[in-house]
Amino acid sequence: MNVAVAKTGNGRAVSDLFASAEGRLPGSPAVIAARREAFETYERLGLPHRRIEEWKYTDLRALVGEVLPLAAAPDAAALKRAADAVKAHAIAGARKLVLVDGVFVADLSDVKALVSEVGLKTLRETLEKDAALLKTVSTDAVIELNAAMATDGVVLSIADGAQLSAPIQIIHVAMAASASAFTRSQLAVGNGARATIIESFVAAGAKAYQVSDAVIVTIGDNADVAHIRLLDDAPDAVNITSQFVTVGANTKVNFFNMTTGAAVSRLQGFITLAGEGSELAINGVNLLKKTEHGDTTLVVDHAVPNCVSREIFRAVIDDRAHSVFQGRIIVRPDAQKTDGKMMTRALLLSDEAEADNKPELEIFADDVSCGHGATAGALDDSLLFYLKARGLPEKQAQALLIQAFVGEAIEQIADDGLREHVIGIAERWLERRS
């Protein structure tokens, strides 16, 4: 049997990616062995392509081509530029945790303020003991690649009954051009705890870079958690994020994602409702232009009875951009009294814009209330005429209608300050479009 060595677009062997970075990757010998195993899986599978159903609309082999070499650790000059980026994107009142090119930077983070309320470690510290955080039940090549190459991340533990006095903002700053950063973080929320987590992805002058992020979240019983994710990467960047969430009983989880940057982005979330009486709200907005490709793929698994899930997504697509939404609700045989709904709407501002919406229901119980819907269309001409007839310029009239269109998803953010912050991001995107 002849065996061909897989190569990237420029002829470099895929195995060189791991070999060149292995000496810089943290972990005990057992961890390094787990990394090699994960990379071998990735090497066998390669980047996902359209023949894989879950990646049908986001063919990374065609859109990305190859994985870039690991970014070097940031030097003093890079950290200075990163500090300016952090200042520009920091949310007032939030406590910051900063990762620069995949490396945790304590000097730019509010470590002292945080450790008084939460347990905080870095992934690098955690991997010196065991490889547990690198292990996920997955056959997805990009998740295996992240496990093999993850350099750092934050490991947060919030104690039972804790009521955080301020949100925690994890800021991912990209500095290196034509390089990749791999991060993996964990959040463990105790019973009865209340917390707000914000993740921001930003660029500080970097171009043509790639980000691979993974987040593992476990939430206890009777908790209340809000997770806001804001992606504003460089226009030619690639961002692939995977999230694994397990929710306990009688818990409320509110997740929101907004994408306003990156040439190629994909957020894939795997959420399991493992405790009865929990409520899950997942909302998102994609604001895409030029040739940007934004993909949101979610699997919500109702594993137990008496849980509620709601998904509301809006996409505004201009020029030749492409938005993808894939949502699957699974209702297990014992998950009676499940109430699950999802709705996705796409607004096409150009004849060349494209939206692919694929909602799915897999129901194995008989006493449930589930539904889904998907629409795509242009701005309402009659409403546009009505606003223009009252003296508004066309772009301003369009902006008002677009704000109303995405408003239903944004309004699900409970915190007034965060909601206004997100509205401001949408307004700035509309101004740039004008």
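These legends describe close-up views of a predicted model.

**View 1. Helices α1 and α2 pack against each other at an angle of about 160°.** Helix α1 covers residues 14-21. Helix α2 covers residues 29-45. Their axes lie 10 Å apart. Angles over 145 degrees count as roughly antiparallel, so α1 is roughly antiparallel to α2. The crossing of this pair is right-handed. From α1, the contact takes in Val 14, Ser 15, Leu 17 and Phe 18. From α2 come Arg 35, Arg 36, Phe 39, Tyr 42 and Glu 43. By class, the contact has five nonpolar, one polar and three charged residues.

**View 2. Helix α8 packs on helix α9 at an angle of about 130°.** Helix α8 runs over residues 381-389. The two axes are 9 Å apart. This angle makes α8 oblique to α9. The crossing is right-handed. On the α8 side, Leu 383, Leu 384, Leu 387 and Lys 388 make the contact. They meet Glu 394, Ala 397, Gln 398, Leu 400 and Leu 401 of α9. Six residues of this contact are nonpolar, one is polar and two are charged.

**View 3. Helix α9 also packs against helix α10, here at an angle of about 150°.** Helix α9 spans residues 394-410, and α10 spans residues 416-433. Their axes are 11 Å apart. With the limit for roughly antiparallel set at over 145 degrees, α9 and α10 are therefore roughly antiparallel to each other. They cross in a right-handed sense. Helix α9 contributes Lys 395, Gln 398, Ala 399, Ile 402, Gln 403 and Ile 410. Helix α10 contributes Arg 419, Val 422, Ile 423, Ala 426, Glu 427, Leu 430 and Arg 433. The contact divides into seven nonpolar, two polar and four charged residues.

**View 4. His 172 sits in strand β5.** The strand covers residues 168-174. His 172 has a relative accessible area of 7%. The cut-off for buried is under 20%, so His 172 is buried. Its side chain makes a polar contact of 3.2 Å with the side chain of Glu 199. Beyond four places in sequence, His 172 touches Leu 99, Thr 183, Glu 199, Ser 200, Phe 201, Val 202 and Asp 213.

**View 5. Ser 180 lies in strand β6.** Strand β6 covers residues 180-189. At 2% relative accessibility, Ser 180 is buried. Its side chain reaches the backbone oxygen of Leu 68 at 2.8 Å. Setting aside neighbours within four places in sequence, Ser 180 contacts Leu 68, Pro 69, Leu 70, Ala 71 and Gln 210. Ala 206 is 26 residues away along the chain from Ser 180. The C-alpha atoms of these two residues are separated by 11 Å.

View 6. Ser 185 is another residue of strand β6. Ser 185 is buried, at 5% relative accessibility. A polar atom of its side chain lies 3.1 Å from the backbone nitrogen of Val 154. Ser 185 touches Gly 153, Val 154, Ala 214, Val 215 and Ile 216, not counting residues up to four places away in sequence. Ala 208 has a positive phi, near 55°. Most residues other than glycine have a negative phi. Ala 208 is placed in the loop between β7 (194-203) and β8 (210-219). With a relative accessibility of 31%, Ala 208 counts as partly exposed.

**View 7. Lys 290 has a positive phi of about 55° although it is not a glycine.** Lys 290 is found in the loop between β13 and β14. Strand β13 covers 279-288, and β14 covers 293-302. The relative accessibility of Lys 290 is 56%. Exposed means over 50%, so Lys 290 counts as exposed.

Methods:
Residues numbered from 1 in each chain as written. Predicted model: local features only at pLDDT ≥ 70, side-chain atom pairs only at ≥ 80, totals over all residues. Heavy atoms only, no water. Axes fitted to C-alpha atoms, helices over the stretch in contact; angles between N-to-C directions. Helix = DSSP H or I, 4+ residues; strand = E, 2+ residues; numbered from the N terminus. Parallel < 35°, antiparallel > 145°, perpendicular 65-115°, else oblique. Left-handed = near helix turned anticlockwise from the far one by under 90°. Contact = heavy atoms within 4.5 Å. Nonpolar A, V, L, I, M, F, W, Y, C, P; charged D, E, K, R; others polar. Buried < 20%, exposed > 50% of the residue type's maximum accessible area, 1.4 Å probe, protein only. Polar contact = N/O pair within 3.5 Å; in protein donor to acceptor, adjacent residues only side chain to side chain.
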